[in-house]
Amino acid sequence: MTKVEIVKQCGCFTRRGMQPVYEYATKEEARREAEKLAAKMNEEFCGKHKFCVEEAGGDFRIVEDLNS
């Protein structure tokens, strides 16, 4: 199992009742779903934060994109 963890759990995240951790059968599936989730958060959340995906020891983390 490969995990996708949402590290930056802002107010928009909390209000939507999202899970902080998701698990997927393969690394490829986890990467694909993490990218989709980060894009959704960037499009639908208030815009105070931007999110990106980083790989962390075989798992993936959705973190605040400090470069934008």
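This is a short tour of the structure, one selection at a time.

Before you start, note that the model is predicted, that local features need pLDDT of at least 70 and side-chain atom pairs pLDDT 80 or more, while totals for chains, interfaces and linings use all residues. Residues are numbered from 1 along each chain as its sequence is written, and side-chain values use heavy atoms, with hydrogens and water left out.

**Stop 1: the whole chain**

Show the protein chain as a cartoon and you will find two helices and four strands, where helices (H or I, at least four residues) and strands (E, at least two) are DSSP runs numbered from the N terminus. Follow the sequence and the pattern reads β-α-β-α-β-β. The radius of gyration is 11 Å, close to the 11 Å that the globule rule gives for 68 residues, so the protein chain is as compact as a globular protein of that length. That radius is taken over C-alpha atoms, and the rule is 2.2 Å times the number of residues to the power 0.38. Along the principal axes, the C-alpha atoms fill a box of roughly 30 × 25 × 15 Å.

Of the 68 residues, 28% count as buried; buried means under 20% relative accessible area, exposed over 50% and partly exposed in between (1.4 Å probe, protein chains only).

**Stop 2: lysine 3**

Now select lysine 3, which lies in strand 1 (residues 2-6). Its relative accessibility is 39%, so lysine 3 counts as partly exposed. Which residues does lysine 3 contact, leaving aside its neighbours within four places in sequence? Look for Val21, Tyr22, Glu23, Asp59 and Phe60, with contact meaning heavy atoms within 4.5 Å. Next, draw a distance from the C-alpha atom of lysine 3 to that of arginine 31: the two residues are 28 apart along the chain, and the separation is 9.3 Å.

**Stop 3: two phenylalanines**

Move on to phenylalanine 45 and phenylalanine 51, both buried. A search of the whole structure finds one aromatic pair. The ring centres of phenylalanine 45 and phenylalanine 51 are 6.0 Å apart and their planes stand at 90°, so this pair is edge-to-face. Rings of Phe, Tyr and Trp (its six-membered ring) pair if their centres lie within 6.5 Å; planes under 30 degrees apart count as stacked, over 60 as edge-to-face and the rest as tilted.

**Stop 4: two cysteines**

Finally, select cysteine 12 and cysteine 46. The structure holds zero disulfides, a disulfide being a pair of cysteine sulfur atoms within 2.5 Å. The sulfur of cysteine 46 is 3.6 Å from that of cysteine 12, its closest cysteine sulfur, which is too far for a bond. Cysteine 12 counts as buried because its relative accessibility is 11%.
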